[in-house]
Amino acid sequence: MASPEIDTLTQALSRLPGLGPRSARRAVLHLLKKRETALDPLLRALEAVSERLATCSICGNVDTSDPCAVCADPRRDTRQLCVVEEVADLWALERSRLFPGKFHVLGGKLSALDGVRPEDLAIDSLVTRIAAGGVDEVVLAMNATLEGQTTAHYIAERLEGYPVRLTQLAHGLPVGGELDYLDEGTLAQALRARRPVA
């Protein structure tokens, strides 16, 4: 049906998250039809990122510079540090534009089943950042999974002797959520975290 090169492109795209073989074929057809407006700009963007891709030596973010744009921003509050599991979590929090501080990416979460141990994550470098001083609050923004909460608990134990305030993201009812559609874990957390009505 297609040349080996087009087949290779389709297979490469189908390995991306959210794209299966059919979606990849549609994407390739679109790129081929719109070569000047879609394919060529995409190729240039991929080449530019590939040449300059770097992992931030301070926080672990992925960017085209080291330090990354977040760490290099002088307007950020250096006294607040938000710890996340993955770069995608950092990007999600950045999209909200609600956290004014700096970040630290662990590169995963503790998982006995998957063989992920504390030394496999960027926990030691986190402790080093805290030990250097200048951080007043550490926000543990782990996912609300068993592994995420285990990771948060482990980090809290490691930072116990340091003069920082540890906080974590609230868990519970999503905005616009209906009780009937929520799972029991979310309902239980919402009940445990209830607060007085103002």
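**Close-up views of the predicted model**

View 1. L81 stands opposite K102 in β4. The model is predicted: local features need pLDDT of at least 70 and side-chain atom pairs count only at pLDDT 80 or more, whereas totals for chains, interfaces and linings use all residues. Residues are numbered from 1 along each chain as its sequence is written, and side-chain values use heavy atoms, with hydrogens and water left out. Helices (H or I, at least four residues) and strands (E, at least two) are DSSP runs, numbered from the N terminus. Strand β3 comprises residues 77–84 and runs parallel to β4, to which five bridges join it. D77 also has a place in this view, opposite G101 in β4. Because six of the eight residues of β3 are buried (under 20% relative accessible area; exposed is over 50% and partly exposed lies in between, with a 1.4 Å probe and protein chains only), this strand is largely enclosed by the rest of the structure.

View 2. Four strands form an open sheet in the order β4-β3-β5-β6, with parallel pairing; two strands pair if DSSP finds at least two bridges between them. The edges are β4 (101–105) and β6 (165–168); each has a single partner strand, so one side of each is left without a neighbour in the sheet. On average, neighbouring strands of this sheet are turned by 25° against each other, direction ignored. Helix α5 (residues 87–96) packs on the sheet and touches β3 and β4, a contact being heavy atoms within 4.5 Å. The direction of α5 makes about 160° with that of β4; axes are lines fitted to C-alpha atoms, for helices over the stretch in contact, and angles run from 0 to 180 degrees between N-to-C directions. Helix α7 (residues 146–158) also packs on the sheet, touching β3, β5 (137–140) and β6, and its direction makes about 160° with that of β5.

**View 3. Two nonpolar cores.** A nonpolar core is a set of buried Ala, Val, Leu, Ile, Met, Phe, Trp, Tyr and Cys residues joined through side-chain atoms within 4.5 Å. In soluble globular proteins, nonpolar side chains tend to be buried together. The largest core here has 17 residues, and V83, I130, V138 and I155 have the most contacts inside it. At least two residues of this core come from each of β3, α6 (123–131), β5 and α7. Helix α6 gives the largest share, four residues. Leaving aside residues up to four places away in sequence, I130 touches L81, V135, V138, L159, Y162 and V164. A second, separate core has 14 residues, including C56, C71, C82 and F103.

View 4. A disulfide is a pair of cysteine sulfur atoms within 2.5 Å. By this rule the count is zero. C56 is in no disulfide, and its nearest cysteine sulfur, that of C71, is 3.8 Å away. C56 is buried, with a relative accessible area of 5%. C68 is likewise in no disulfide; the nearest cysteine sulfur is that of C59, 3.7 Å away. The relative accessible area of C68 is 0%, and this residue is buried.

**View 5. Helix α2 crossing helix α3.** The axes of helix α2 (residues 21–33) and helix α3 (residues 35–52) come within 6 Å and cross at roughly 110°. This angle makes α2 roughly perpendicular to α3; angles under 35 degrees count as roughly parallel, over 145 as roughly antiparallel, 65 to 115 as roughly perpendicular and the rest as oblique. H30, L31, L32 and K33 of α2 make the contact with R35, A38, L39 and L42 of α3. R22 is found in helix α2 and is exposed, with a relative accessible area of 61%. R25 lies in helix α2 and is partly exposed, at 40% relative accessible area.

**View 6. Two backbone details in loops.** A cis peptide bond, with omega about 5°, joins D66 and P67. P67 lies in the loop between β2 (62–63) and α4 (69–72). R97 belongs to the loop between α5 and β4. Although R97 is not a glycine, it has a positive phi of about 55°. R97 counts as exposed, at 75% relative accessibility.
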